[in-house]
Amino acid sequence: MTGAAGGGRTPPLTLLYVPGDRPDRVTKALASSADAVLVDLEDAVAPSRKDEARDNVARILADARGRAVQVRINHPSTPWHAADVATVAALPVAVGARVPKVESADEVRALAAALPGRALHLLVESALGVERAFELATASPQVASIGLGEADLRSDLRVDGDEGLAWARGRVVVAARAARLPPPHMSAYTNVRDLDGLAASCRAGRGLGFCGRTAIHPGQLDTIRAAFLPSTADVAAAREVLERVGGAAVEGVGAVALADGTFLDVAMVERARWVLGLVSAG
């Protein structure tokens, strides 16, 4: 089954979280350089302010056309879920739903039925969710992305360092690709002052197959974008692949060798096109 976003599309590189109970911050986020704005009704909003946050979302996002926006709703096990879904259902259909703590394909299908035609962005935050990643990613054509919620996942797995998340990260990257969804985004880096650490973490995630990252502060956006955009050398290599392999195909040759001994073949063309697509997206 092919997801709503399709496997060939380039995902946004920077996604900025903002609490829904802070309308001033929501407005600023919408005017920021973030590729997508994630308005939160879940963890960033205290229980006593859920209604206020929902009212802000309904008012501010009533005319959200032309801006990539997702609303993170509360889980069905909470008393706020139904009202969150009703609020999102009344928004322009281009506003996506960001769905936390997903573990069940039936849950995904129920939400798709409640929000017809709307993109669903799934967050896997438990061991069970990781085990079911591909099942969740293919639960509905409305699934547009799948990623990890690493704070809750760390707690569920009882791990502290990144080493304990390595398998889960690889699992969600493979599940997204197998489901023909865009590569997942990395979870937020919580130390907003440590831009060097953020950059290093992004480079490591890029090596694992992630593309882009959520942010919790506008000051993180430039660092994230720079880490995931291809370098000048990457772009030059991608262009050479397309030029050399394309020429070889015309001549009926299956592979060509570069001066440094590297072999190129048609299997590398898709990757090269992906790299050049990131340049145009950035």
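**Figure 1. Lys101, a partly exposed residue with positive phi.** In this predicted model, Lys101 has a relative accessibility of 26% and therefore counts as partly exposed (buried means under 20% relative accessible area, exposed over 50%, partly exposed in between, with a 1.4 Å probe and protein chains only). Its phi is near 55°, a positive value in a residue other than glycine. Lys101 sits in the loop between β4 and α4 (105–114); helices (H or I, at least four residues) and strands (E, at least two) are DSSP runs, numbered from the N terminus. Residues are numbered from 1 along each chain as its sequence is written, and side-chain values use heavy atoms, without hydrogens or water. Because the model is predicted, local features need pLDDT of at least 70 and side-chain atom pairs count only at pLDDT 80 or more, while totals for chains, interfaces and linings use all residues.

**Figure 2. Arg180, in the loop between α8 and α9 (195–208).** Here too is a residue that is not a glycine but has a positive phi, of about 65°. With a relative accessible area of 48%, Arg180 is partly exposed.

**Figure 3. The open sheet of seven strands.** The strand order is β6-β5-β4-β3-β2-β1-β7, and the pairing is parallel; two strands pair if DSSP finds at least two bridges between them. At the edges are β6 (143–148) and β7 (213–215), each pairing on one side only. On average, neighbouring strands are turned by 25° against each other, direction ignored. Take a look at β4 (residues 96–99) and β5 (residues 120–124), which pair over three bridges in the parallel sense. Within this pair, Arg98 has His121 of β5 as its bridge partner.

**Figure 4. Helices packed on the strands.** Helix α1 packs on the sheet and touches β1 (14–19), β2 and β3, where contact means heavy atoms within 4.5 Å. The direction of α1 makes about 165° with that of β1; axes are lines fitted to C-alpha atoms, for helices over the stretch in contact, and angles run from 0 to 180 degrees between N-to-C directions. Helix α10 (residues 221–228) lies across β1 and β7, running at about 170° to β7.

**Figure 5. The contact between α2 and α3.** The two helices pack at an angle of about 10°, with their axes 10 Å apart. They are therefore roughly parallel to each other (angles under 35 degrees count as roughly parallel, over 145 as roughly antiparallel, 65 to 115 as roughly perpendicular and the rest as oblique). Arg54, Val57 and Ala58 of α2 meet Ala83, Asp84 and Thr87 of α3.

**Figure 6. Around Val108.** Neighbours within four places in sequence aside, Val108 is in contact with Val102, Leu120, Leu122, Leu136, Ala139, Ser140 and Val143.
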